[in-house]
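Biologist: I would like to learn how to read a model like this one. Can we take it feature by feature?

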Amino acid sequence: MNLLLKSRPILPGFGISLGISIFGISVLIFLPFIMMVLSSIGIGWTGFWNIISDPRVLSAVWLTLRLSILAALTNLVFGTLLAWVLVRYEFPGRKLLNAFVDLPFALPTAVTGIALATIYGPNGWIGGLFAEDGWIGSLIGARQIAFTSLGIWIALVVVSLPFVVRSVQPVLQELQPELEEAAATLGAHRATVVRRVILPELLPAMLTGAGMMFARATGEYGSIIFIAGNIPFETEILPLVITSKLEQFDVQGAAAVALFMLLISMSILFLINLLQWKYQKKILGWRS
């Protein structure tokens, strides 16, 4: 009798809740992926290989993956620092800065892209400084930010910044400063405190934020097309290739490219989750 009471859930309705959840996930997530796979299967393996091995597609895949990983690594550092500042310091405007972190979530991506293209364009406030007649461009040589891979990287950093901040911030709020003070009283240097006390607690949340950032960056479209220039083999991202195929009514080709990118992204996300799982298991082993 006691075993039955212990195994009974606190809230009733587990069966129907699980059924509704599985049905919703199947309709909203699994079913579109299945249809994409079926559309790709229709062209056969040879046709699928010919599409994904196209030099233009491979160039777009490499550009998208490379800049997405660079943006994730950048935000992994600066996003963690921003979360640290928001949690550990009191200063005027802190709540306002904390609200601004979520601005990329609130703004439409097209608005973000137009704003970035305006600021970093050749005639923009920042882009103009790097032009030939700008004072920075006259010192280090003219360099264009917008319509280059550098502009794409900036756009990806902007739209993916909130993921790592909001992933790390709750962990920092729960991390008691007394642990750092205890390590300092035992003679640990600041670098040792960061490496042995703070980072082990933050790393799982950082990996979670990095995974979400990477997933957002690989599929980003609206904020990039205005600042990328969309030059094939130079600044053409993969979502633009997919959109171009759809505009040409090549649905199967677009599905094949999307499936190829999906497989690559899922492999990288699986690797990140595997590292996170192994690290958490290792931490639990240390604590036990």
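Biologist: Let me start with one residue. Is Leu150 buried, partly exposed or exposed?

Modeller: First, remember that this is a predicted model. For burial, look at relative accessible area: under 20% is buried, over 50% is exposed, and the rest is partly exposed. Leu150 has 24% relative accessibility, so Leu150 counts as partly exposed.

Biologist: Where does Leu150 sit, and what does Leu150 touch?

Modeller: Leu150 belongs to helix 9. Leaving out residues up to four places away in sequence, Leu150 touches Arg143 and Ile145. Now take a pair across the sequence. Leu150 and Trp62 are 88 residues apart along the chain, and their C-alpha atoms are 15 Å apart.

Biologist: Why does Thr74 count as buried?

Modeller: Apply the cut-off. The relative accessible area of Thr74 is 17%, so Thr74 is buried. Thr112 works likewise: its relative accessibility is 8%, so Thr112 counts as buried.

Biologist: Which helix holds Thr112, and which residues does Thr112 contact?

Modeller: Thr112 is in helix 7, residues 109-120. With neighbours within four places set aside, Thr112 has contacts to Leu107, Val158, Val159 and Ser223.

Biologist: Where is the kink in helix 9?

Modeller: Check the local axis as well as the span. The kink lies at Ser160, shortly before the proline Pro162, and is about 40°.

Biologist: Where are Asn230 and Phe249 placed?

Modeller: Asn230 is in the loop between helix 12 (225-228) and helix 13 (238-247). Phe249 is in the loop between helix 13 and helix 14 (251-287).

Biologist: Are Asn230 and Phe249 buried, partly exposed or exposed?

Modeller: Asn230 has 27% relative accessibility, so Asn230 counts as partly exposed. Phe249 has 74%, so Phe249 counts as exposed.

Biologist: Let us zoom out. How many helices and strands does the chain have?

Modeller: Count the elements before anything else. The chain has 14 helices and zero strands. Its C-alpha atoms fill a box of roughly 65 × 55 × 30 Å along the principal axes.

Biologist: What share of the chain is buried, and what makes up the accessible surface?

Modeller: Of the 288 residues, 38% count as buried. The accessible surface is about 17600 Å², and 70% of that belongs to carbon and sulfur atoms.

Biologist: What share of contacts joins residues at least 24 apart?

Modeller: Take contacts between residues at least 6 apart in sequence. Among those, 73% join residues at least 24 apart.

Biologist: Last, charge. How many positive and negative side chains are there?

Modeller: There are 18 positive and 15 negative side chains. The centres of the two sets lie 14 Å apart.

How values were computed: Residues are numbered from 1 along each chain as its sequence is written. This is a predicted model: local features need pLDDT of at least 70, side-chain atom pairs count only at pLDDT 80 or more; totals for chains, interfaces and linings use all residues. Side-chain values use heavy atoms; hydrogens and water are left out. Helices (H or I, at least four residues) and strands (E, at least two) are DSSP runs, numbered from the N terminus. Buried means under 20% relative accessible area, exposed over 50%, partly exposed in between (1.4 Å probe, protein chains only). Contact means heavy atoms within 4.5 Å. Accessible areas come from the Shrake-Rupley method with a 1.4 Å probe; for residues, only the protein chains shown count as cover. Lys and Arg count as positive and Asp and Glu as negative; His and the chain ends are not counted. The place of a charge is taken as NZ of Lys, CZ of Arg, CG of Asp or CD of Glu. The bend at a residue is the angle between axes fitted to the seven residues ending there and the seven starting there.
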